[in-house]
Amino acid sequence: MPAENWPDRRSRALRQAYASKAPAPRRGSAQAIVEGAVLQVSLLSPDSSISREPAANFAVHYANLHTALALLAQPSRILGVVGYGIERPGVLPPACPFVAAPLLPAAGGAMFEIWTAASPCRPCQVGPVIGACSDDLAFGAIKLDETGKASLEAAVEAAYLNIFDFMQDIGFQTPIRFWNYLTSITDHDQGLERYRRFNIGRHRAFSARLRQQVPPVASGVGGHQGAPVIYFLAAREPAMTIENPRQVSAYAYPPIYGPCSPSFSRASIYARASAESLFISGTASIVGHETRHRGDLPGQIAETAANLRALIGAAAQAATAPLSGRWSVKIYVQDPGDCAAVEPAVDAVFGADAERLYLRGDICRSDLLMEIEAFRRSA
Ligand code: 3EB
């Protein structure tokens, strides 16, 4: 699509135009496909290629240093590793992509987020972007350089342009998930908040290079140590994006939140062969476009849970089959003491078996106390 078609956020007409272009919910076919899948499993599972083919062609694991060692024993299956509260560990094979996030675990020692693939991974580097790719997914990461005189928006635009170069060079042209970990995210820098400057840089790069109708799923959070980092997953085909019926699309936020609205979708389903994945963006206590329950942690938790349930409901209608894999959930809290209060909501929305990673982070609006993102695979 030509860059000019990039939805210029503010206009309701454009949002509606996008809505009409979005794939229609496949409610009718879902049942048939579900039944088809059941039939396939019952007829073929004992000896078929289906049972030999791993259902999950990629996965994420949240691990401490001890549990990470077992995963790192199979380095050829690692797409990328993100460290929280730790620099690159010596045990990590040199070919494994690693990036240190500026966020710390909310409690306890260092943690790792490890993206693995079922097929062998090939490390790749294009300019300052490091990563790896498997048959169907790429991981990449870049550290932002803020040492020079350039503005944050210029550094962010340059980083995203490097990311687009990386994706183009390795043949995984479609970003499906971004994590934007800034520093001092709500600080003001010469009259404009850093998060708003970040949005300007991201918007410029997306306007120039993103070849999708709407931006992918993302999280945008501020940490307290080290350099800002952007890491991402990319594929050969786009994910189907999903918006939250309770919220204005972030890319259509009104200008009171900054000169460029945030370029991300609320959720997406990425389908590949028979497997589907659901990505949920960082989700907070926002209804419409407004923060709800200022200064009220239980209120924000309940509103965030309602937003997550609405997204999961919208995704269930868009998926071809129920997603039944274990949830992986990342919880960002401004105050590490708030984790215990959030835990029951995580259990209630995602189930007691959900894998979770609690991080201390500043949400991009200073009145938001917490934010939750999630990921789930089929089967
Ligand atoms: C929000 O809903 C909360 O700028 O990439 C959530 C997820 C948020 C992603 C981003 C920001 C971003 O607006 C903030």
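Reader: What pLDDT does the protein average?

Author: This is a predicted model, and 85% of the residues score at least 70. Over residues 1-55, however, the pLDDT is below 50, although this stretch has 68 contacts in the model beyond near neighbours in sequence. For the protein, the average pLDDT is 87.

Reader: How far apart are the end C-alpha atoms of helix H7?

Author: Helix H7 covers residues 297-318, and at 1.5 Å a residue its 22 residues should span 32 Å. The model agrees with that expectation, because the end C-alpha atoms of H7 are apart by 32 Å.

Reader: At what angle do helices H5 and H6 pack?

Author: Helix H5 (residues 152-170) and helix H6 (residues 194-209) cross in a right-handed sense, and the contact includes Phe 164 of H5 and Phe 206 of H6. By class, this contact has nine nonpolar, two polar and eight charged residues. The axes of H5 and H6 are 7 Å apart, and the helices pack at an angle of about 35°.

Definitions and conventions. Residues numbered from 1 in each chain as written. Predicted model: local features only at pLDDT ≥ 70, side-chain atom pairs only at ≥ 80, totals over all residues. Heavy atoms only, no water. Helix = DSSP H or I, 4+ residues; strand = E, 2+ residues; numbered from the N terminus. Expected span 1.5 Å × (residues − 1). Axes fitted to C-alpha atoms, helices over the stretch in contact; angles between N-to-C directions. Left-handed = near helix turned anticlockwise from the far one by under 90°. Contact = heavy atoms within 4.5 Å. Nonpolar A, V, L, I, M, F, W, Y, C, P; charged D, E, K, R; others polar. pLDDT = per-residue confidence, 0-100.
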